[in-house]
Amino acid sequence: MTVSSNGIAKNDGKPTSTFFKSFFSFLITFILMFLSWLVLSGKFEPLLLWLGGISSFLVAYYFYDLLFPALETGYVKIFFRFVQYCPWLIWEIIKANFHLLYLSFHPRMKELIDPHIITFKSNLKSDIAITTLANSITLTPGTITVTADSDGVFKVHAIDRESAEALPGIMLEKVARIFGEEI
Amino acid sequence: MDILVILLLLIGLLFFLGGAVGIIRMPDFYSRLHPAGKLDTLGILAMVMGLALYNLHHFSLESLLLSIKMFLIVFFVFLASPTATHSIVDAGMRAGLRHWTKKKRKV
Amino acid sequence: MNIFFLSVALGLCFLMLFSMYRTLFGPTVLDRLIGVNAIGSKTVILLLLIGFLYERIDMFVDIALAYAFLNFIAVLAASRYFHKRKGLYEESFMD
């Protein structure tokens with residue numbers, strides 16, 4: 001069993017639980033691969049379905065520990081909380097995009113923008129939480145993540161003071177609540 | 001229905017126009033990344049929403065699968081665009097580019 | 001509706017010329033990379049529109065998906081390649 005770098009895998013003691021965990025991650029990888037085969041091919045003849053089943057079985061058999069290195073029941077909760085997070089993120093992206101649109105059409109743009117780099121520290125531990133926060137910051141216009149290391153230190157390039165003030169407030173809270181970590 | 005499609009396509013075109021103008025007008029490499037990476041992402045979202053809606057006029061299983069495939073493009077772009085932006089910024093940082101700031105003439 | 005799609009596609013081509021300016025005359029290499037990235041993300045939509053115009057959207061949506069993948073990989077590889085090249089970036093400001 002692969003031990004993930006974020007320290008989720010703790011009880012490697014029993015071989016049976018290890019077997020079940022690998023089996024479930026294999027099953028989920030297989031289902032994901034087969035669904036994407038169905039969407040991408042779009043034909044439902046029996047021969048093509050068999051070919052898709054065989055190839056996604058091979059992929060899932062060899063690479064089951066890539067997508068979900070240590071599967072636990074917490075992943076289901078994380079998935080649902082992530083789905084709840086998505087509409088807020090899209091609304092935030094749209095709101096901030098209009099700000100950037102106004103900024104780039106403004107005739108005296110160089111007086112409005114004020115690029116600078118801010119640094120803040122967060123207590124996020126796991127890799128996926130840090131990646132989600134970094135990608136969310138980059139997707140929200142006005143701010144780009146420059147560096148994000150595994151200690152949770154973020155350097156963010158912001159284009160004006162207004163979009164820099166929003167960090168690291170409510171977005172960090174929401175991401176930390178998704179992955180069940182303290183801020 | 002058609003009006004909604006036209007509206008969505010025009011909104012996407014507006015975002016693309018903002019991105020293109022922003023790329024030309026911004027003073028600095030770092031600040032050029034802001035319109036390039038993100039106005040284009042939202043433009044793709046709006047235009048693909050319009051095109052997928054137009055595709056669903058004659059509703060069947062195939063057109064539904066095609067619309068799902070189009071949204072697969074959007075999903076991939078939403079994953080890939082921050083990564084590409086971050087990679088370009090990282091290359092700029094390592095090459096030692098300074099970022100543009102307002103000139104404060106205190107002399 | 002076809003006429004509208006054609007005019008939107010022509011508008012996208014016109015916007016590509018804007019980004020082409022940054023690709024041709026960008027002061028640094030990374031500016032050119034930004035221009036290439038912007039052109040690629042417009043090309044994805046352009047391929048979808050061409051698919052609607054020729055009524056072969058089932059084929060062109062695959063091409064657009066593959067183009068999005070290729071664009072991402074090209075930008076990633078190019079920015080890795082220009083990682084530590086000092087001296088390429090003398091004049092990065094445009095006053």
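This is a predicted model: local features need pLDDT of at least 70, side-chain atom pairs count only at pLDDT 80 or more; totals for chains, interfaces and linings use all residues.
Residues are numbered from 1 along each chain as its sequence is written, and chains are lettered from A and ligands numbered from 1 in the order in which they are written.

In chain B, helix α1 covers residues 2–25 and helix α2 covers residues 29–55; the two pack at an angle of about 165°, with their axes 8 Å apart. Axes here are lines fitted to C-alpha atoms, for helices over the stretch in contact, and angles run from 0 to 180 degrees between N-to-C directions. Helices (H or I, at least four residues) and strands (E, at least two) are DSSP runs, numbered from the N terminus. The pair α1(B) and α2(B) is therefore roughly antiparallel, on a scale where angles under 35 degrees count as roughly parallel, over 145 as roughly antiparallel, 65 to 115 as roughly perpendicular and the rest as oblique. The contact of α1(B) with α2(B) comprises 17 nonpolar, 6 polar and 2 charged residues. In this classification Ala, Val, Leu, Ile, Met, Phe, Trp, Tyr, Cys and Pro are nonpolar, Asp, Glu, Lys and Arg are charged, and the others, Gly among them, are polar.

Chain B as a whole has 3 helices and 0 strands, in the order α-α-α from the N terminus on. Of its 107 residues, 54% are buried: a residue is buried if 20 or more other C-beta atoms lie within 10 Å of its own, exposed if 12 or fewer, and partly exposed in between, with C-beta atoms placed from the backbone. Among the contacts in chain B with a separation of 6 or more, 65% are between residues 24 or more positions apart; two residues are in contact if their C-beta atoms, placed from the backbone, lie within 7 Å.

Chain C likewise has 3 helices and 0 strands, and its elements run α-α-α from the N terminus on. Buried residues account for 36% of the 95 residues of chain C. For contacts in chain C between residues at least 6 apart in sequence, 52% join residues at least 24 apart. Helix α2(C), residues 29–54, packs against helix α3(C), residues 57–81, at an angle of about 175° and with the axes 8 Å apart. These two helices are therefore roughly antiparallel to each other. The residues that α2(C) brings to this contact include Leu33(C), Val44(C) and Phe52(C), and those in α3(C) include Ile57(C), Tyr67(C) and Val75(C). The contact has 17 nonpolar, 7 polar and no charged residues.

Between chains C and B, the contact takes 44 residues from chain C and 39 residues from chain B. On the side of chain C, α1 (2–25), α2 and α3 each supply at least two residues, and the largest share, 13 residues, comes from α2(C). That side has 28 nonpolar, 9 polar and 7 charged residues.

Chain A contains an open sheet of 3 strands in the order β1-β3-β2, with antiparallel pairing; two strands pair if DSSP finds at least two bridges between them. The edge strands are β1(A) and β2(A), each of which pairs on one side only. From one strand to the next, the twist averages 30°. Strand β3(A), residues 153–158, is joined to β1(A) by 6 bridges, where Ile117(A) stands opposite His157(A) and His116(A) has Ala158(A) as its bridge partner. A further 5 bridges join β2(A) to β3(A), and here Ala148(A) is partnered by Phe154(A). The hairpin of β2(A) and β3(A) has 4 residues between the strands, and in it Gly152(A) takes a positive phi near 90°.

The contact between chains A and B involves 26 residues of chain A and 29 residues of chain B. From chain A, α3 (74–105), α4 (109–112), β1 (116–121), α5 (127–139) and β2 (143–148) each give at least two residues, with α3(A) giving the most, 7 residues. The chain A side divides into 15 nonpolar, 9 polar and 2 charged residues. Helix α3(B), residues 61–95, lies across β2 and β3 of chain A and runs at about 65° to β2(A).
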